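The following paragraphs lead through a structure, beginning with a single element and widening to the chains and the contact between them. Please keep the sequence and the coordinates in view while reading.

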Amino acid sequence: MPVRDERRAESPGELVLTVLACGSAVVVFAVFAWIVGDIVRHGASEISWSFLVDPPSRAGRAGGISSVIVSTLEILLVCLGVAVPIGVGAALFLAEVARGGRFAGRLVRAGLDVLAGVPSIVSGLFGNAFFCVTLGLGFSILSGGLTLACMVLPLLTRSLELGLRSVPDDYRMAAAALDLSSTRFFAQILLPAAAPGLAAGLLLGIGRAMAETAALILTSGSVDRMPGSLLDSGRALSVHVYELAMNVPGGEARAYATALVLVLLLVAINLLSNTMVHRLVSPRVSA
Amino acid sequence: MSRSFPDAILVRVLRLLAFLSGCIVLFVFLHLVLEAWPALETPGLRRFLTDDAWRPAGGPPDARYGFAPMVVGSLAATLGAMLLAAPLGFCSAVFCHQCAPPRLRGAYRRIVELLAGIPSVVYGLWGLVTLAPLVRAIEPPGPSLLTGSLVLGLMILPTVALLADAAFASVPRAQLQAAAAVSLSRWRTLLAVHLPQARPGLWGALLLGTARALGETMAVLMVCGNVIQVPKSVFNPVRTLTADIALELGYATGTHRSALFVLWLFLMGAVVVLVAAAELLGSNRARA
């Protein structure tokens, strides 16, 4: 097989590239093992069923994190409920309607790029000034969720757009040749075909939202009671980790335990979303 | 494509949503400028650049607004982080596309996605408890520019890697098949097909990574040491702009509070410059 032989013959320069690429993968894996290993080692001994279902007491040194988990989920729901529809719409516009370098597309993209770089603490202050004070929502889960929606939107839109763009142009030409309407093309061909990319974008968005701390301290507050409504203040898991590590002497073990719960939740979301991607895609591929 | 009735509505809705998402940043800008205005008026922008110390809390006679050491701190930590994250991130994306067998590739991507999802607070906690003592063993005090750069670099590494990976993945399959048809080697394919096609995406990855490092608050607040000084070595503690804001906002009032908004304005300005540079570079190379 002549082709195969030729491919195998790599120059020294190419060998260096191979070593670099594989070496960096090993480094990334080692860092992953180190960080996750540390979190599990320090956090696992603190976690029990009562840690998950009891409310915190003595500023978090004792008790559990039930109210913190509920607040986190409510903040996340508000955030995604606002950010996903806008993000999908903007991504469709950028990838399909304003394809190439149309002026409107470039403008929206530049706006989103700058928004992506707005530091989380700046978004926090903006959220505090606008949602909490101007709109009168106060320190609340609603303020926190809306602020997070602003923060997650650029990452969400950019990765959704990349997902849409990775669909081959053949599909678009075939749809045009068949005179499909844009609506049908988007709903029945483009979005299913781009589903893995869209799920990856959604994942990045959820990860970013749950990881957020600085902005939430300034918008949803750090009250660790069970929230009664969306207008109550609620402490997110990440804020709980920060408060325990920095402001509660002797809270480090519980900080690690909360960090472990947070990371496990993220892993669960990751797995769930991957399963959904396979469910969505496989029937169409086999059909 | 035919322009039927639902299509016209759809396009209009999409345009509205895109317009909305593009305008949020203007809204944020406006708020920040309004809040920063008093400090820009009374001490004036020049005081921020020329004063010899940062003591904004004192009364008007002996207040000082020099924020240069914190700018140096922010830039140094960001530079250190990018020196670590950019090469590693790009190489890891190349690994995904050119080296790894398919099964390993999937598992590896999963790991990078997980790393991307670990909250900055957790990186900060890890840096404080694990990394700072290791750095202290080399040279005290432990929390320092080096510790901050390492933690920041590891934090933004998955972001850079995932975005670079997505950029490589967007290379049209037909071009890869063409490269295979003329039996280009893997690395020739990478240099001749992947790189030119993915260049705008790679610039995007670099830009978002840098912007994220520059604006990161929690991790640097926990591991950089927070001493306001121009670092003489990588083992000196530094305070970044974002950490200063987080530390002082709680008790800042009046001109002090407004002065913190000027720091924000500076951060935003840096981000705008980054975006503009990346846009220019990206579009020039793409056209050439």
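The expected span is 1.5 Å times one less than the number of residues; helices (H or I, at least four residues) and strands (E, at least two) are DSSP runs, numbered from the N terminus. H4(A) bends by about 30° at Ala83(A), and a proline, Pro85(A), follows within four residues. The bend is the angle between axes fitted to the seven residues ending at a residue and the seven starting there.

The model is predicted: local features need pLDDT of at least 70, side-chain atom pairs count only at pLDDT 80 or more, and totals for chains, interfaces and linings use all residues. Residues are numbered from 1 along each chain as its sequence is written, while chains are lettered from A and ligands numbered from 1 in the order in which they are written.

Confidence is expressed as pLDDT, the predictor's confidence in each residue, from 0 to 100. Chain A averages 82, and 90% of its residues score at least 70. Within chain A the mean is highest in helix H4 (residues 66-97), at 90, and lowest in helix H1 (residues 2-8), at 45. Over residues 1-7 of chain A the pLDDT stays under 50, and the model has 4 contacts for them beyond four places in sequence. Residues 282-287 of chain A also have a pLDDT below 50, with 1 contact beyond near neighbours in sequence. A contact here is a pair of residues whose C-beta atoms, placed from the backbone, lie within 7 Å.

Chain A holds 13 helices and 2 strands, and its C-alpha atoms fill a box of roughly 70 × 50 × 35 Å along the principal axes. Of its 287 residues, 49% count as buried, that is, with 20 or more other C-beta atoms within 10 Å of their own; 12 or fewer make a residue exposed, and numbers in between make it partly exposed, with C-beta atoms placed from the backbone. Arg225(A) counts as partly exposed because it has 14 C-beta neighbours inside 10 Å. Arg225(A) lies in the loop between helix H11 (214-219) and helix H12 (237-247) of chain A. Its C-alpha atom is separated by 9.2 Å from that of Ser66(A), 159 residues apart along the chain.

Chain B comes to 10 helices and 2 strands. Its C-alpha atoms fill a box of roughly 75 × 60 × 35 Å along the principal axes, and 49% of its 288 residues count as buried.

The contact between the chains takes 78 residues from chain A and 72 residues from chain B. On the side of chain A, the largest share, 16 residues, comes from helix H2 (residues 12-43). The buried residues of H2(A) include Leu17(A), Val28(A) and Ile35(A).

The largest nonpolar core has 181 residues, and Val241(A), Val122(B) and Leu125(B) have the most contacts inside it. Such a core is a set of buried Ala, Val, Leu, Ile, Met, Phe, Trp, Tyr and Cys residues joined through C-beta atoms within 7 Å. Its largest share, 18 residues, comes from helix H5 (residues 145-169) of chain B. Not counting residues up to four places away in sequence, Val241(A) touches residues including Ala255(A) and Leu262(A), as well as Val121(B), Val122(B) and Leu125(B).

Notes: Contact = placed C-beta atoms within 7 Å.
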